Amino acid sequence: MNPTDIGNPDYFHKVVDCQWACPSHTPVPEYIRLIAAGRYTDSYLVNWRSNVFPGVLGRTCDRPCEPACRRGRVEKEAVAICRLKRVAADFKDDVRARLPTAPKQKNGKRVACIGAGPASLTVARDLMPHGYRVVVYDQDPFAGGMIRTQIPRFRLPESVIDEEIGYVLDMGVETRFGTRIDSLKGILAEGYDAVFVGCGAPRGKDLEIPGRREAAARIHIGIDWLASVSFGHVSSIGKRVIVLGGGNTAMDCCRTARRLGGEDVKVIVRSGFEEMKASPWEKEDAIAEDIPILNYLVPKSISHHDGRLTGVWFEQVRAEYDAKSRRQLVPTGEPDRHFECDDVLVAIGQENAFPWIERDLGIEFDRWGLPVLDATTLQSIHPRVFFGGDAAFGPKNIIWAVAHGHEAAISIDRLCHGEDVRERPAPMVNLVSQKMGIHEWSYDNEISAEKRYRVHHAEKRVALKDVKLEVELGFDRKQAYLEAQRCLNCDVQTVFNAKLCIECDACVDICPMDCINFTRNGAEEDLRQRLIAPAVNLAQDLYVSGALKTGRVMAKDEDVCLHCGLCAERCPTGAWDMQKFRIDMTHAGPACRSRERSRALTTS
Amino acid sequence: MTYLAKPKLHHPRLPKNALGHTRRDYEGAVSTLCAGCGHDSISAAIVQACFELDLPPHRIAKLSGIGCSSKTPTYFLGNSHGFNSVHGRMPSVLTGANLANRELVYMGVSGDGDSASIGLGQFAHSIRRAVNMVYVVMNNGVYGLTKGQFSATADKGSKSKRGAVNTDAAIDLVGMALQLGASFVARSFSGDKAQLVPLIKAAILHRGAALIDVISPCVAFNNHEGSTKSFDYVRAHNEAVNRLDFMVERTPIAVDYAPGTAREVVQHDGSTLRLRKLHDDYDPGNRIAAMTFLQERAAAGEIVTGLLYVDPQAGDLHESLNTVDQPLNALGDAELVPGAAALEGINASLR
C-alpha cells in the first residue's frame with residue numbers, strides 16, 4: 001500500500017465516525033468534551049454552528065452518529081450523543097450575545113425561502129449575517145414546519161422550538177406566514193436573486209382499500225392528524241385505535257393517541273418488526289407505553305356498519321427473499337385477521353407535492369415527482385431555484401434538512417457573487433498536538449468503563465395524561481458528565497512519524513486493541529489479513545506508513561482504536577503523537593467564495 | 001512508562017486459547033519501565049508464549065532478582081505465582097522452589113547485572129545442576145537503574161552514552177551456559193518476537209536448564225552509536241542460525257520440507273520442535289561445534305541468534321537427586337513419617 005495521505009481532510013475526518021456520519025458534520029467529540037468540562041454554552045454554540053437546532057435535535061434527531069459511534073464497536077452500546085446534545089441546550093446560559101447578527105448595510109441580494117421548516121431556516125441563518133434580505137413564506141401561521149406540526153409536544157416542548165427558531169428569525173428575517181404560495185412563477189416575478197424551496201413532503205399517503213371511503217369519518221392521515229393535535233384542533237380520540245405504518249410518524253401517532261384517550265392502541269405493520277423504518281428507540285418508547293406492535297399484517301379492507309368504522313381486516317404474510325435478496329411479502333394462507341377499533345391512523349409514508357410549481361418554468365421533475373437536482377449544489381435546472389430538506393429527495397429527517405440548507409446557502413452565496421456554483425469550498429482543517437507533559441494530554445485519555453446511561457422518563461401514569469408533558473427528563477449534570485466520559489475522543493488522532501520510529505515495538509505491546517502492526521508491506525487485501533488482529537471491517541481504513549529502517553511499514557487498523565494515547569505515551573522517540581483534528585465545514589459567506597479565499601491566502 | 005493502566009477493553013475478536021483465556025488474561029500490571037524499553041517486549045513475548053501453550057496461569061512461578069529486568073514479572077502473568085528475591089539470588093530461590101514443587105513451570109527472570117555480576121556464581125550453579133527452568137536474561141549491557149554504567153556483558157570497545165569506551169572483556173552468558181552443560185541454549189532479540197516467542201515456548205516445554213539470552217536495548221542509556229546492544233546495531237549484525245517455525249505438541253507434522261532444510265527435534269514429553277535452517281552447516285545438536293561456531297562469529301562481530309543448542313532428552317536435577325515424583329506439598333503423613341522401622345533401615349544402610 002502507498003503511505004496514507006493524512007493531508008487529505010477526509011482521512012482523519014472518517015476516523016471521527018460520528019462527525020463523518022452526521023449529514024452536517026457536527027464536531028461531536030469536541031462538544032462532548034465541553035459538556036464534560038461543564039462548558040454547556042460553548043458546547044451549545046459548537047452545535048449551533050453546525051446543526052442550527054441543538055435543542056430540537058437533542059430530542060428528535062435520527063442520530064446517524066450513534067450507529068457509527070466507535071464505542072459501539074468496542075463495547076455494547078454507543079455514546080448517547082443525541083441526549084448529550086440536549087444537555088448542552090438544557091444547561092446553557094443565555095447565548096444571544098454570542099450569536100451572529102445581520103449587518104445594517106445589506107448586500108442588495110434578496111432570497112425567498114418557501115416553507116419555514118428546518119431547511120429554509122438554515123438557509124436564512126447562513127445568509128442573514130452576510131447582508132442578504134431573506135423572505136420566508138409558510139402556509140401555517142408559525143415557523144417550524146414539520147418540527148412544529150408533526151413532532152408531538154411530549155417529545156419536543158414548544159418553548160424549545162420557539163427559542164431556536166427565534167434565534168434565526170430575530171436576525172431580521174422577513175416572514176410571510178399564513179399565506180399559501182400558489183405559483184412559483186409569481187415568486188420569481190418578484191425579482192428574487194434566488195429561491196429556495198424547502199416546503200417538505202406535505203402529503204401523507206392514503207390507503208386505497210375497500211371500505212376506506214365509507215368509514216372516512218374515523219380514518220385519519222397521520223401527519224395531518226398530528227398537525228391538528230399540535231394546533232389544538234383535535235383533543236380526543238376513540239378508546240380503541242389502530243395505527244397503520246411502521247415509521248417514526250406511526251410511533252408519534254400511537255403515543256399521541258395514548259395521551260388523547262386511546263386505551264387500546266396498536267401499531268400494525270406490513271413488514272417484520274426488525275425491518276420497520278422507525279428508529280429502535282422510538283419503538284422501545286412506544287412499547288413502554290403499552291402499545292403492542294403487530295407485524296406481517298397487510299391491511300385488506302375496512303369493516304364498517306351503518307357508515308361507522310368497526311375495524312380493519314388484515315391478510316397474514318411472511319417475508320420471502322429472491323436471489324437478489326429483494327423482499328417479497330407472500331400470503332401465508334392462514335385466515336385473515338380482524339381487529340376492532342374506533343379510529344384508524346394512517347402513517348404509511350409521505351409524498352412530495354408541487355402543484356404550485358408551473359411545469360413551464362424550466363424545472364424538471366422525475367418520475368417520482370421529485371425535482372431534478374444537482375445532488376451537491378441542490379440547484380434545479382432553473383439556475384435560480386434550489387431545493388432542500390424533504391422537498392429535495394423525498395422524506396428524510398431534520399438533520400438532513402439542515403445539511404441541505406447549508407449546501408444550498410453556499411450555492412446561493414456563490415451564485416449571487418458570480419461564481420461557479422459547482423465549485424465547492426474546502427473545509428477548514430487543523431491538526432495540533434495535545435501533549436502537555438510526559439504523561440499529560442489536553443484530553444482525558446483514561447478509558448471510562450461506564451455503560452451507556454438511560455435517560456429517565458416521566459412516570460407513565462402522569463405522562464399519559466398530558467399530551468404536552470415532555471416524557472424524557474434529560475440527563476442531569478452528573479449523568480451527563482459520566483456519559484460524556486464514555487466518548488473515546490476519536491478526533492484526537494494517532495499521528496505517526498516514520499522518520500522518528502526506532503521499531504522498538506513498545507506501541508504494539510501496549511495497544512489494548514491490537515491495532516498497531518509492524519510488518520512487510522503488501523496489497524491492502526493481503527495486509528489486512530496479516531495483521532495481529534485481521535482488519536475485517538472494510539469500512540474502516542488502514543493507516544500505513546512509508547518504509548521504516550528495517551524495510552517494514554507501520555500498519556494501523558483504525559477500526560477499534562480507543563484513542564487512549566498509550567502508544568504515544570510509550571513511544572520513546574515521539575514517533576507517535578496524539579493530535580486533535582478539527583474540521584469545520586465551510587458555510588456561506590466570504591470563506592466559501594473562491595476569489596475571496598485566494599485573496600486571503602495571498603495577503604496572509 | 002505510563003501512569004494509566006491499560007484499558008480493560010480489548011479487540012472484539014481477540015482469540016481465546018483452549019482454557020478460554022485471551023492473551024490479555026496473561027498480562028500483569030502496567031509497566032513502569034522507560035517508554036520503549038526492550039524488556040517490555042520480552043514481557044509481551046512471555047505473555048504470548050504462555051497464552052499459546054494454554055498454560056494455566058496458576059501453574060506458573062516467576063522468580064526474579066534485582067534490576068530493571070527483575071521488575072518485569074510484575075508486568076506479565078498477573079495471575080501466576082511470583083517471588084522477587086535478593087540481587088543475584090534468584091537461581092537459588094528458584095532451585096529451592098523447584099525442589100519443593102516440581103509440577104510448576106519455573107520462569108527465572110534476570111538481567112545482565114543480576115546474572116553476570118553479583119549473581120554469576122548462582123547462575124553458573126543452577127545451570128550445571130540442570131534445574132528444570134526457563135532462565136531468561138534480559139541483556140542490555142548497562143545498569144539502567146543507576147544511569148547507564150557498563151555491565152559485565154558490555155562488549156569490549158563499545159561506547160557508553162557519554163562516550164566512554166569499555167575496556168573490560170565481556171561475559172558471554174550463552175558461551176558459559178554451553179560450557180556448564182545447559183541442555184537448551186538460545187539467543188534472541190527483544191525486537192524480533194517472531195523469533196523470540198517460539199523460543200520461549202520451546203524452552204518452557206524443555207526439561208532441564210533452558211537459558212535464553214535476550215538482547216534488549218536500553219532506550220535510555222544504551223541505544224546510541226557505538227553501542228553494540230542498540231536496535232540498529234543488533235539489527236545490522238544479527239545472524240540467525242535457524243527459525244523455530246513450528247511447535248506442535250505430540251502430533252506429527254504433515255508439511256513437506258526439502259531434505260536438509262528443516263530438522264525435527266522431539267523432546268522428552270513428545271513435543272516436536274521444527275527448526276528451519278538458515279545456516280547450512282549449523283547443527284544445534286552438537287555442543288562443541290556450537291561453541292566453536294559462536295566464538296568464530298563473535299570474533300567476526302556477529303551476534304548469533306536462534307536455538308543454538310538443544311539436548312532434547314536431557315535429564316534434570318530431580319532425576320539426578322532421585323527425588324519423589326510428587327511435589328512435597330502433596331505428600332501425606334504416611335510418606336512424611338515412615339516410622340521407626342524405616343529410620344532403622346536408613347541408619348543400618350549408613351553403618
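## Contacts and overall form of chain B

In chain B of this predicted model, residues 24 or more positions apart account for 72% of the contacts with a separation of 6 or more, two residues being in contact if their C-beta atoms, placed from the backbone, lie within 7 Å. Because the model is predicted, local features need pLDDT of at least 70 and side-chain atom pairs count only at pLDDT 80 or more, whereas totals for chains, interfaces and linings use all residues. Residues are numbered from 1 along each chain as its sequence is written, while chains are lettered from A and ligands numbered from 1 in the order in which they are written.

Chain B has twelve helices and 13 strands, where helices (H or I, at least four residues) and strands (E, at least two) are DSSP runs numbered from the N terminus. Its C-alpha trace spans about 70 × 55 × 50 Å along the principal axes, and 48% of its 351 residues count as buried, that is, with 20 or more other C-beta atoms, placed from the backbone, within 10 Å of their own.

## Nonpolar cores

A nonpolar core is a set of buried Ala, Val, Leu, Ile, Met, Phe, Trp, Tyr and Cys residues joined through C-beta atoms within 7 Å. The largest has 215 residues, of which Ile35(A), Phe196(A), Ile412(A), Val134(B), Ile200(B) and Leu211(B) touch the most other members. Helix α17 (residues 398-416) of chain A gives the most to this core, with twelve residues.

Leaving aside residues up to four places away in sequence, Leu211(B) touches Ile127(B), Tyr135(B), Leu173(B), Ala177(B), Ala182(B), Phe184(B) and Val185(B). A second, separate core of 39 residues includes Val243(A), Cys254(A), Ile268(A) and Val269(A).

## A parallel sheet in chain A

In chain A, five strands form an open sheet with parallel pairing, in the order β6-β14-β7-β8-β9; two strands pair if DSSP finds at least two bridges between them. The edge strands, each pairing on one side only, are β6 (219-221) and β9 (293-294) of chain A. Three bridges join β6(A) to the parallel strand β14 (residues 343-346) of chain A, and Ile219(A) stands opposite Val344(A) in β14(A).

Helix α13 (residues 222-230) of chain A packs on the sheet, where it touches β6 and β14 of chain A, and its direction makes about 85° with that of β6(A); axes are lines fitted to C-alpha atoms, for helices over the stretch in contact, and angles run from 0 to 180 degrees between N-to-C directions.

## Contact between the chains

The contact takes 28 residues from chain A and 22 residues from chain B. On the side of chain A that touches chain B, the elements giving two or more residues are α7 (71-74), α20 (506-510) and α22 (566-570) of chain A.

Notes
Buried ≥ 20, exposed ≤ 12 C-beta atoms within 10 Å, placed from the backbone.
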